[in-house]
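Here is a briefing on a structure with several chains. Keep the 3D view open as you read.

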Amino acid sequence: MQSEMIKRAKELLASGEVARVVGWKAGEFDYDITPGVFTTAEELDSAFLYNDLCEANLSKYMIAQSRKEGKTLVFLKPCDTYSFSQLLKEHRILRENVYVIGVPCDGKVDVDTVKATGLTGICSMTSDGETVTVKTLYGDSTMSKADAMSERCINCKSKKHVVYDELLGEEGDVVADNHRFDMVEKIEAMTPDERFEFWRNELSRCIRCNACRNVCPACSCEKCVFDNEQSGAFNKGASDSFEENMFHIIRAFHVAGRCTDCGECSRVCPQNIPLHLLNRKFIKDINELYGEYQAGENADERAPLNTFTTEDVEPSIVYERGGKQ
Amino acid sequence: MQKQDKQELILRISGVNARKCMRCGKCSATCPAYDEMEYHPHQFVYMVESGNIEPLLSSDSIYKCLTCFACVERCPRDVQPAKLIEAVRLAVIREQDKNHMKKGDLPELLDEDLPQQAIVSAFRKYTK
Amino acid sequence: MQVKETNEFKPKIVAFCCNWCSYAGADLAGTNRLQYPADVKIIRVPCSCRVNPMFILRAFQRGADGVILCGCHPGDCHYTTGNYYTRRRMTLLFSMLDYLGIEKERTRVEWVSAAEGAKFAATMNDFVATVTKLGENKRLEDLRCKAK
Amino acid sequence: MQKIGVFVCHCGTNIAATVDVKAVAEALKGEPGVVFSTDYQYMCSEAGQNLIKNSIKEYGLTGVVVCSCSPRMHEQTFRKAAQSAGINPYMVEIANIREQCSWIHKDIWSATEKAIILGKAAVAKVQLNAPLTAGESPVVKRALVIGGGIAGIQTALDIAEAGFEVDIVEKQPTIGGKMTQIDKTFPTLDCAACILTPKMVDCAQNEKIKIYSYSEVADVKGFVGNFTVKIKKKARYVDEDKCTGCGICTEKCPVKNVPNEFNMGMDNRRAIYIPFAQAVPKVATIDANYCNMLKNGKCGVCSKFCTVGAIDYKQQDTIVEEKYGAIVVATGFNPIKLDDFDEFAYSQSKDVITSLEFERLTNAAGPTSGTLLRPSDGKHPHTIVFVQCVGSRDTSGCGKTYCSKICCMYTAKHAMLTREKYPDTDVYVFYIDVRTPGKNFDEFYRRAVEEYGVHYIKGMVGKVVPRSDGTLMVQASDLLSNEQLHINADLVVLAAAIEPDKSARSLATMLTASMDTNDFFTEAHPKLRPVESPTAGIFLSGVCQGPKDIPETVSQASAAAAKVIGLLAKDKLTCNPCVAQANELMCNGCSSCEKVCPYGAITYSDKEFRMPDRTTAIRRVASVNEAVCQGCGACTVACPSGAMDLKGFSNSQIMAEVDAICK
Amino acid sequence: MFTLPVSKLNDLFAAVASTRKLYLPVDDEASGHAEYKVWHEGVTLSNALNTARSAKDFFFPQTENLVDFKMEGKTIEVIDTRTESEDFVVFGVRACDARSFDILDRVFLAEPVDSYYKNRREHGVIVTLACTRPEETCFCTVFGIDPTNPAGDVSGWIAGENLYLSANTEKGEAFLSSVSKLLAESDDEAVKAQQAEVKEILKKLPLGSLDLTPFKPENLLKLFDSKRWKDLSEACLGCGSCTFVCPTCQCYDIRDFDTGHGIKRYRCWDSCMYSDFTRMAHGNPRLTQVERFRQRFMHKLVYYPSNNEGIYSCVGCGRCLAKCPISMNIAKVIKALGEEA
């Protein structure tokens, strides 16, 4: 796949159809892959990479890249295309300046997942699609790819590209029988005290580094309310537990109905807070109360919070449903 | 069984909301078994609604309904009179307690050829 | 003015009322001299859809123990559709607060028309009783604002 | 920092009996920004207002807080007082310490404490108030009426009468609408044409009225007082100015088999036609679907016979752009299609007809020249069955859930007229309920029964079966005698439900006017503003808003005209200054606000910005049309970045109130 | 040198905790990280190499209240909220973080002295622990840090079944004497053996050979003008995770919070990666992410050493390598700019 991608990228660069390519760049180790911009065939040859370790969602970069001179080629994995499509819907990306090549993905290997198994000093990590071989300072080992994937890939929602100009490899399908709401259900089934404890424990670790927000394709505001002294929500240091709650509730609310569940927030959180569980709660509620909705899937459908039906449930439903008392 | 209970039972079995009826009579107008019936489809609807169930239970009309569903199809308010008639019929069947087998009688009747479904439905019916 | 100190818990309740129905309903409750606790303080907004979830969290941060939002009955919105958006927004927000283990009874949406003075008073009485039972808001408090 | 004056009203004892007003005034003195605080017996009295005015001048106040009764009562009073003393009226805030404090609390201590808090909240809000100026927008003194039926005609005539220019856009070749097809009108039985055609002629002759016939609205931009509308004039292949309406072409045209829609397809017309004798404008129109010349270039007969050279086969659709101050929707209705009601054999038998077809069969200008004959064999029918509520009050999904309102009366009319003209005819009317609320309506219906011997039978028809002898077997129930009837009828007339014209939905989108689930336009208020759409500057006339008979339609048409005249009589519109405002620097261009705006007040445009990194960039940003925005604030919450705020109820103002209350 | 069997660690912790707060790395189940937590009975020392957040929090917390204001009418009352810090001990600090305190000291203890920092610093005792299993992201050796011989008030080693402790400062001496009952005198044979063993591993560290020679004051302009900054920073999200996990990043913002009863003036960590960092009336002095990105690394590798006798303000702990959402980090920057220079 990688060589095919490089070949297409070179062709498009050479023909002048695109001025630059956004893809993944090799790092010091196999797993520290950086999103990168390539403008020459040489750069592509020396550093362009696509393998089972390329986790980053490149769609958000297109907000800035699509405003540059000339067209930009971007490689998008199936789940990235949902983010891209949602951004298009919100007029954040200039579609005519982007050439999208959809690339297949059957789940990415995540270094944090591998480290969680107890391996340390990981100098090299390779995947052949079935098995992951890990070389560390203290010896080598192998594991099945399934054990090395992060939760978001295990519960992949779709292997289908919702937007592209060109597709490399086989097109996949929406994965209907994923279990992405299992953990949400588990939390819902807790007592309020347990839920409070659970989230306090998670959110109290927040260091307000903004990685979740800055990586989030839905969080593309010109100026975030939390950075705006005038907004009344300005909040830089999470000086009180309230501010931790406030930041995460409002952030989740602002992306409710727009979040495609790409999972980047949880991936990048330096404190391993399962932020996707907040977003998925909204997604689950929306699905249950207002009908199935997948952000980014359909360009014409109105976002659930920007529409209504006269028969919508009353907010009092919250008293009746949800977890234990 | 009290009058009200019977009404509730019939409404529950049928799933019909008799109050939706606006008394247009289209069900009876369309009914092919009309002349055979003592009580006509529209009467079923408002007799059940008013709780006047007894005459229906003892009337032949419940067996005259062909269950052709013409009334269901034609009803402009989606009341589904035929389901109501069916429910009255069921209520009669359920009420004839003495005709029921006891569940203890069942095992003797079972044999290898009896379809599984029949056994299950027999248990359901006779263990009411 | 004489000062009265009691130890009993008096909740702080913020009520957002839309200008056209609920604020008028509250006025009607007043005109009819219908009693409800003084713990309820009303903020007038043009429409229930003006209420940003941030306002609700802000109220809790600043020491509110309960927040209630009143608007026109669905279908009666002065702006035709505002309360339908409110309904979705608040349903999701309240569900999220519940998910985080924050007592869901502290937040409420109630539709009160301009003619429903009695309903307004009854709603406030009930809400104050519910929040009083829950006691002080601890889970969404900001300690900096509590310290006197 | 504002200089705020606080004025606490006693309202006699209404407030002072349960709130220690002096303590309130005293407590508020210490609030930031408060430079003056006092109390007075009656703030709303002239003396009270003078106290406010004098204090403003004396202390140089920039903001005023009045602790008094509900703002719904005296906000305007105090705003005017403040304005007359030279400060902006929107620098006044009211703390409602009567309806929401003194009247509901008995305990002085807690009522006073609450009054102080409410006062503090008002002070905190006024700190952040900004002077607001109501914008003004000019009014284009011209109205557009969409739809040229009796509703549109009446509205146009009334507006023109007041001296304003008004245009009618009608998609048919002639104005007149459904009423032209009706024979007589209930309950007076006067001839529809006799009362309608003079009005049509008035329209044509009124120099204030311009008729765009055979035209449609293609696009609407703008807002109240200033709409820009694109009107598509469909090619009729006849020069309207040249055509004299002599009708020679319509006699010579060799294409004779075009179903005549004016007679509900019960006879034929030519490919070039004038819908009916009294059409306005009386101009021929070529039906491009049938004209041989247009289809394959072979013919040209009409052109040859036209003495004034009006025929123009090369004519194209043209777009006219006009500006209007107000738009009246009068798009009317159609009977529903009866395809889903095969129990009545409508599509199987020619002798099962709709009421509108019946109108044509009894009309002197109709296919039978006014003699009631069966469409199948041209014989005189002896037994006629009328079926009411066909597709009305139907929740099964085939029809409409609402009552079509007019059918009871026109069916009584049909039955009565039939019995009058053909006393040998048996007439049955099957009804569920007979609804006759209207002046002389019930008397009319009773006359049909009592004087004309129409058989009214309570019950619905179950099915109609065409029989080999050409009759129709009607099976119905008579609920009162509890029997099933079988009637051999010669003609069955179905009172089909009426529905809004299909074009209304797309028009509503263009106008950003809201509709209900049945595609009827919704009114701004169901009781108090029944002829206005919630979208400012859009008015409703006739059945497009809900089923109506002619007198009701005409009164609503005149009401809509009155509203339009009221609007056009103004040179400028004063806007509500408490409107949404987009901060372009923070706007993402995501369109969330646009989607939730019920008024279509938000538009987007690409603008060039100097970015923080000193480059320039084109960004898509929202802007609010202050003339259209009504200030609900839905957009402010839909906006994730907080770029959208509401003047007078800004985020910071509301949060300041929250803070003050929760302190 | 003193020693104590590892099996008796709990006794040592209990003894320390009886007189003052004791912090030590503890495994956090929810995050899977080790974090510093207060010791109480039942808490055990983490085996992890290092904590997710650095130890700088003890002296320079993420947010801290500086002063309160109260407004009454037209007067403002200023309330000094400073109190003398309680004594505390941090146990298990690694060599890299131990070095970070020197770097922070040079900032906060230089004139004008930061009294908030100084107060905590004076009351804290640092007990370090030598590393035995370095990670691939470790490159402290590049900065001349010996992870087998960590600094701190007391240096510590866990070798075999024993903990070895050796005081480096007066505070350290006092600490050891306060728990002397539990300790026994010992030679340093076991420690030396362990050091030799670990040094073999250190030789294999993939980033151990990063070359810092180009990063010297005289190359300032050349490095500043490097063409590489653009592509290195291209994917930077502008978040603050690198700065917030960094043990030496010491930038903060001062803000006022209106509690409704008064103003709390507090400071909180800030990040030079943020677009509003050091924003002034005219705007941000560093207009784009390229400049912000450059600032961070130039500060760590050039500006700081230029002002501090060549000491780099990076300790090679590797946290930013592990945590950057886009895997861009100081090691890649050192390599890229080194290649160019």
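Predicted model: local features only at pLDDT ≥ 70, side-chain atom pairs only at ≥ 80, totals over all residues.

Residues are numbered from 1 along each chain as its sequence is written, while chains are lettered from A and ligands numbered from 1 in the order in which they are written.

**Which chains touch**

- Two residues are in contact if their C-beta atoms, placed from the backbone, lie within 7 Å.
- Chains A and B have no contact, and their closest C-alpha atoms lie 19 Å apart.
- Chains B and E have no contact either, with 49 Å between their closest C-alpha atoms.

**The interface of chains C and D**

- Here 37 residues of chain C meet 42 residues of chain D.
- On the chain C side, α1 (22–31), β2 (40–45), α2 (53–61) and α3 (82–99) each supply at least two residues.
- Helices (H or I, at least four residues) and strands (E, at least two) are DSSP runs, numbered from the N terminus.
- α1(C) gives the most to this side of chain C, with six residues.
- By type, the residues on this side of chain C are 19 nonpolar, nine polar and nine charged.
- Ala, Val, Leu, Ile, Met, Phe, Trp, Tyr, Cys and Pro count as nonpolar, Asp, Glu, Lys and Arg as charged, and the others, Gly among them, as polar.

**Chain D as a whole**

- Chain D has 18 helices and 34 strands.
- Its radius of gyration is 33 Å, well over the 26 Å that the globule rule gives for 663 residues, so chain D is more spread out than a compact globule.
- That radius is taken over C-alpha atoms, and the globule rule is 2.2 Å times the number of residues to the power 0.38.
- The C-alpha atoms of chain D fill a box of roughly 95 × 65 × 45 Å along the principal axes.
- Of its 663 residues, 54% count as buried.
- A residue is buried if 20 or more other C-beta atoms lie within 10 Å of its own, exposed if 12 or fewer, and partly exposed in between, with C-beta atoms placed from the backbone.
- Chain D is divided into domain 1 (4–128), domain 2 (142–234 + 317–332 + 501–568), domain 3 (248–305), domain 4 (335–497) and domain 5 (580–647).
- These bounds come from an automatic or database domain assignment.
- The C-alpha centres of domain 1 and domain 2 of chain D lie 48 Å apart.

**Around strand β22 of chain D**

- Five of the six residues of β22(D) (residues 426–431) are buried, so this strand is largely enclosed by the rest of the structure.
- β21(D) (residues 383–390) runs parallel to β22(D), joined by five bridges.
- Two strands pair if DSSP finds at least two bridges between them.
- F386(D) has V429(D) in β22(D) as its bridge partner.
- β22(D) also pairs in the parallel sense with β23(D) (residues 455–458), over four bridges.
- Y428(D) stands opposite H455(D) in β23(D).
- β21(D), α12(D) (residues 407–421) and β22(D) make a right-handed β-α-β unit.
- β22(D), α13(D) (residues 441–450) and β23(D) also make a right-handed β-α-β unit.
- A crossover is right-handed if, with the strands pointing away from the viewer, the path from the first strand over the helix to the second runs clockwise.

**Chain E**

- Chain E has 11 helices and 12 strands.
- Its radius of gyration is 22 Å, close to the 20 Å that the globule rule gives for 341 residues, so chain E is as compact as a globular protein of that length.
- Of the 341 residues of chain E, 44% count as buried.
- Chain E is divided into domain 1 (2–62 + 74–203) and domain 2 (217–340).
- The C-alpha centres of these domains of chain E lie 26 Å apart.
- Their contact takes 24 residues from domain 1 and 20 residues from domain 2 of chain E.
- R106(E) is found in helix α2 (residues 95–108) of chain E.
- R106(E) is partly exposed, with 17 other C-beta atoms within 10 Å.
- The C-alpha atoms of R106(E) and N308(E) are separated by 7.8 Å, though these residues are 202 residues apart along the chain.
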